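I opened my notebook on this one with a simple plan: look at confidence, packing and the contact between chains. Here is what I looked up.

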Amino acid sequence: MTSDHDEARGVSRRKILECMTWAGTGVLWTVAGGVPRSTGIIAEATAAEPAGLTFLQISDSHVGFDKPANPNALGTLEEAVNKIKALPVKPAFIIHTGDITHLSKPSEFDDADRIISQARFDVHYVPGEHDVLDEDVKLYRDRYGRGTKGAGWYSFDANGVHFIGLVNVVDLKAGGLGNLGNEQLEWLEGDLKGRAASTPIVVFAHIPLWSVYPAWGWGTEDAARALGYLKRFGSVTVLNGHIHQIMQKVEGNVTFHTALSTAFPQPAPGTAPSPGPLKVADDKLRSVLGITDVTFKRGQQRLAIIDKPLQG
Amino acid sequence: MRTIKPGMCVVTALAVAALAAGALASQGAPAADAGVQIDQYAFLPQRITVKPGTTVTWTNDDDAPHTIASSAKVFKSRPLDTGDKFSFTFTTPGTYAYFCSVHPQMTGTVTVEPASGAGAGP
């Protein structure tokens, strides 16, 4: 996209963001000196000098889903993995923001592992509500729960960035939204205690930690308490899935971003009677599925987040 | 705000009609069965009233899995995939609130009337 003058550029930029939401690019995250930054277009990221840390987000694989919105969700996950393998800048690791499977079946977890492991990267998972359909969350925890607390929350450090994986899909209450729960919130408070406010923080969880659209359950009941603990940090990036479309919001030092699914799109809030798999024309499907690439650069405040569609 | 599509209204009306027919048929006889459809992330009808002994069957017509979970933990279904059904027989009068434990914004109630002749509520 080109522009001849500043005004046009302003419009184009808006237009790009608008297009991104619907074109379904993947998201490349660059952590640069603390605060996440969305560069918006893939070319910018490719041209960037080697960054401090680049990682990749994939989400909502829904392995096992075979309905009209995408009869082969395993196939599109494999396409996403092939796209990751072909990236010019190799990510340090992958985070998966949940709904690995559609129905928490052992065979679905096995299929997802078989495909995702082909990328040959470490993968840090958090569960989606589709991964914890068995009563005691045993299937998810047996596979991904090593070294985690509760239903699977944990934190780790990479290149000076502190990563926190949260679980907001268990013990949901009638009429409610996503739920972190007191035990996990107390753990979070302790995990952050004593950390320098200059430490860049990346939080990832399945359901958005901001109120995207509560009528559809797209928000987290007790997220405000978690965000309260994160308030003093200069750079906080919150990465979520669940809604199968790209949305971004910046609030003070906190950047919220949601990723595309690798399986099927969902309607934009309020544009349909309900959430759920959205059937698009077959030749459009791969333009609304994708992955997200994130890069952190020391000395810059924001992470660069680049959404990459499977096609287009 | 939820948009009600014409199709949904028809389905609801049919369900209500089915219930009414069931109520007529059940006079002085064992309670008839009742059905709740799960469609577009909603229970239809959202509230039903049945006689004691009625078996209520939920059918998932969505492309997403749902559960039927009693808020008071009286009953809970396994995850229902598309086309799957779950039944529960209500014997004790009272109001049973339930929700989908996967999508908790989906809620409904089953009210079981007092045994025939009794006027007082639960």
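Predicted model: local features only at pLDDT ≥ 70, side-chain atom pairs only at ≥ 80, totals over all residues.

**Entry: a helix.** I started with α3 of chain A, residues 73-85. This helix has 13 residues and reaches 19 Å from first C-alpha to last, close to the 18 Å expected. Which of its residues are buried? I found A:Ala73, A:Leu74, A:Thr76, A:Leu77, A:Ala80, A:Val81, A:Lys83 and A:Ile84. These buried residues pack against β2 (53-58), α4 (106-116), β11 (290-296) and β12 (304-309) of chain A.

**Entry: cores.** I then looked up the largest nonpolar core and got 69 residues, with A:Leu166, A:Val167, A:Val203 and A:Ala205 having the most contacts inside it. My helix turned up again here: α3(A) gives the largest share of this core, 6 residues. For A:Leu166 I noted touches to A:Val126, A:Trp153, A:Leu180, A:Gln184, A:Val203 and A:Ala205, leaving out residues up to four places away in sequence. Another core, of 24 residues, lies apart and includes B:Phe43 and B:Val110.

**Entry: the two chains.** I see 19 residues of chain A in contact with 22 residues of chain B. By class, chain A's side has 10 nonpolar, 6 polar and 3 charged residues.

**Entry: confidence.** The model scores ipTM 0.78 and pTM 0.82. Chain B has a mean pLDDT of 80, with 70% of its residues at 70 or more. Over residues 1-28 of chain B the pLDDT is below 50, and this stretch has 26 contacts beyond near neighbours in sequence.

Definitions and conventions:
Residues numbered from 1 in each chain as written. Chains lettered and ligands numbered in written order. Helix = DSSP H or I, 4+ residues; strand = E, 2+ residues; numbered from the N terminus. Expected span 1.5 Å × (residues − 1). Buried ≥ 20, exposed ≤ 12 C-beta atoms within 10 Å, placed from the backbone. Contact = placed C-beta atoms within 7 Å. pLDDT = per-residue confidence, 0-100. Nonpolar A, V, L, I, M, F, W, Y, C, P; charged D, E, K, R; others polar. Core = buried A, V, L, I, M, F, W, Y, C linked by C-beta atoms within 7 Å.
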